[in-house]
Amino acid sequence: MAETTEPAEPDGPQEPTLDEQIAAYQREYRDLDPQVEKVVSALGRLNRRMNVAYGRQVAALGISNAEWEVLKTLLLAGEPYRLGPGELAKRLGLTPAAMTHRIDRMAGEGLVTRDRDENNRVRVIVELTDEGRTKWLEAMRMASDFEEDLLQDLSAEERGLLGEMLIRLLRRVEHAQPDAGGRLTDLD
């Protein structure tokens, strides 16, 4: 097996290389397919490190990952970038109480507004503000730079193939676990 080198965390415990991890797993579970484990473990580590990088980027903008997810969801709704709190909670896999708390905080920060629906005074509408959209755009610029750097060693063809392969894996998981897009009640 070729050695996979990974830099150690500064001042922290060193994580085993993927090959070391797989060898330890194989000692305990002899039926393990090392190719499958290498792919899955690499994806897991990449996901974790990317989430840390994205978290640092949005923190530098003064927002949290959770707030960025709300901004993204409102933007994906399309102009005029607004949704009801119940729909936001559903799309984010949150409880209504958790969504209300998040909206309260974000409204206080000027990232969203919360107003009564003019057509139905009982209904509340959450809308992206100019400040919220500016924060989202800046986060996207930072993420794009990070992602370009991440993929710089791959050719355009390799990027395309990797994207296609990952989408195939994603479709398989989505088919097998259709409820896994949001928070799962069995994981609470």
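Reader: Nice model! Which residue in S3 is the bridge partner of Arg82?

Author: This is a predicted model: local features need pLDDT of at least 70, side-chain atom pairs count only at pLDDT 80 or more, and totals for chains, interfaces and linings use all residues. Residues are numbered from 1 along each chain as its sequence is written, and side-chain values use heavy atoms, leaving out hydrogens and water. Strands (E, at least two residues) and helices (H or I, at least four) are DSSP runs numbered from the N terminus. In S3, Arg82 has as its bridge partner Glu127.

Reader: Thanks! What is the order of the strands in the open sheet?

Author: Two strands pair if DSSP finds at least two bridges between them. The edge strands, each pairing on one side only, are S1 (82-83) and S2 (112-117). The order of this three-stranded sheet is therefore S1-S3-S2.

Reader: Which helix packs on that sheet?

Author: The helix touches S1, S2 and S3, and its direction makes about 105° with that of S3. Contact means heavy atoms within 4.5 Å, and angles run from 0 to 180 degrees between N-to-C directions, with axes fitted to C-alpha atoms, for helices over the stretch in contact. The helix, residues 65-76, is H3.

Reader: Are H3 and H6 roughly parallel or roughly perpendicular to each other?

Author: The axes of H3 and H6 (residues 130-150) come within 10 Å and cross at roughly 105°. Angles under 35 degrees count as roughly parallel, over 145 as roughly antiparallel, 65 to 115 as roughly perpendicular and the rest as oblique. H3 and H6 are therefore roughly perpendicular.

Reader: And which residues of H3 make that contact?

Author: On the H6 side, the residues are Gly132, Arg133, Lys135, Trp136, Ala139 and Met140. On the H3 side, they are Trp68, Leu71, Lys72 and Leu75.

Reader: How many residues lining the largest pocket are nonpolar?

Author: A pocket is an open set of points on a 1 Å grid over the protein atoms alone, where a 1.4 Å probe fits, with protein on both sides within 12 Å along at least five of seven lines; lining residues have an atom within 4 Å of a point. The closest of the 21 lining residues to the centre are Leu43, Leu46, Met50, Leu162 and Leu166. Ala, Val, Leu, Ile, Met, Phe, Trp, Tyr, Cys and Pro count as nonpolar, Asp, Glu, Lys and Arg as charged, and the others, Gly among them, as polar. Beside four polar and four charged residues, the nonpolar ones number 13.
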